[in-house]
Amino acid sequence: MDVEYLSDSRARSTHPILSATRHFYGKDTEPCIISDFEYQQWYHGTGVSPKDHPGNELLRVLKSHLPGSRCGYCESDDVLVIALQGCVHPMSGDAYYDYEIVCKQCGKFTSYSYAEND
Ligand SMILES: [Zn+2]
């Protein structure tokens, strides 16, 4: 697959990137639902705007990063979140997330990943 890594935490492609979006995107008919996928709880769907996504209530770190999401190609903030998962490790307290956006301007995909390790 033609995924281009922009940094440790950001990648872009003309096609869906994360395994959850490769699995669900194009088949979902609702904007945002949650289901088990690969042993994690994933929000997925046709997409909701980053500031309205329930992920903002999931992790403090998501609330500080998610609303500012921009397309990895054209830098537009006119994007939809099409998949997201986040959790806090029960032992270490480290926070993890992955999410992917599709750009309403150019139609391309950008994924964001995060692991807080001290
Ligand atoms: Zn774009």
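Tyr39 sits in the loop between S3 and S4. Its phi is near 65 degrees, a positive value in a residue other than glycine. The model is predicted: local features need pLDDT of at least 70, side-chain atom pairs count only at pLDDT 80 or more, and totals for chains, interfaces and linings use all residues. Residues are numbered from 1 along each chain as its sequence is written. The protein chain has two helices and seven strands. Helices (H or I, at least four residues) and strands (E, at least two) are DSSP runs, numbered from the N terminus.

- Tyr39 is exposed, with 5 other C-beta atoms within 10 Å.
- The terms work like this: a residue is buried if 20 or more other C-beta atoms lie within 10 Å of its own, exposed if 12 or fewer, and partly exposed in between, with C-beta atoms placed from the backbone.
- Glu38 also lies in the loop between S3 and S4.
- Glu38 is exposed, because it has 10 other C-beta atoms within 10 Å.
- The phi of Glu38 is near 50 degrees, again a positive value in a residue other than glycine.

**Overall build**

- Along the sequence, the pattern is β-β-α-β-β-α-β-β-β.
- The radius of gyration is 13 Å, close to the 13 Å that the globule rule gives for 118 residues, so the chain is as compact as a globular protein of that length.
- That radius is taken over C-alpha atoms, and the globule rule is 2.2 Å times the number of residues to the power 0.38.
- The C-alpha trace spans about 40 × 30 × 30 Å along its principal axes.
- Buried residues make up 36% of the 118 residues.
- Take the contacts between residues at least 6 apart in sequence: 49% of them join residues at least 24 apart.
- Two residues are in contact if their C-beta atoms, placed from the backbone, lie within 7 Å.

**The sheet**

- Seven strands form an open sheet in the order S1-S2-S7-S6-S5-S4-S3, with antiparallel pairing.
- The edge strands are S1 (4-5) and S3, and each pairs on one side only.
- Two strands pair if DSSP finds at least two bridges between them.
- In a regular strand, side chains alternate between the two faces of the sheet.

**Strand S6 and its partners**

- S6 is mostly covered, with seven of its nine residues buried.
- S5 and S6 pair in the antiparallel sense over nine bridges.
- Gly86 has Tyr97 in S6 as its bridge partner.
- The hairpin of S5 and S6 has six residues between the strands, and Gly93 there takes a positive phi near 80 degrees.
- S6 and S7 run antiparallel and are joined by seven bridges.
- Tyr99 has Tyr112 in S7 as its bridge partner.
- Glu100 stands opposite Ser111 in S7.
- The hairpin of S6 and S7 has five residues between the strands, and Gly107 in its turn has a positive phi of about 75 degrees.

**The nonpolar core**

- The largest nonpolar core has 25 residues, and those with the most contacts inside it are Ile82, Ala83, Ile101 and Val102.
- Helix H1 (19-24) and strands S4 (40-48), S5 (79-88), S6 (95-103) and S7 (109-115) each supply at least two residues of this core.
- S5 gives the most to this core, with six residues.
- A nonpolar core is a set of buried Ala, Val, Leu, Ile, Met, Phe, Trp, Tyr and Cys residues joined through C-beta atoms within 7 Å.
- Leaving aside neighbours within four places in sequence, Ile82 is in contact with Thr21, Tyr25, His44, Gly45, Gly47, Glu100, Ile101 and Val102.

**Cys32**

- Cys32 is in the loop between H1 and strand S3 (33-37).
- Is Cys32 buried or exposed? Cys32 counts as buried, because it has 20 C-beta neighbours inside 10 Å.
- Not counting residues up to four places away in sequence, Cys32 touches Tyr43, Gly45, Val48, His53 and Pro54.
- Cys32 and Gly47 are 15 residues apart along the chain, and their C-alpha atoms are separated by 6.1 Å.

**Confidence**

- The mean pLDDT of the chain is 95, and 97% of its residues reach 70 or more.
- pLDDT is the predictor's confidence in each residue, from 0 to 100.
- Confidence is lowest in helix H2 (residues 60-65), at a mean of 93, and highest in strand S2 (residues 10-13), at 98.
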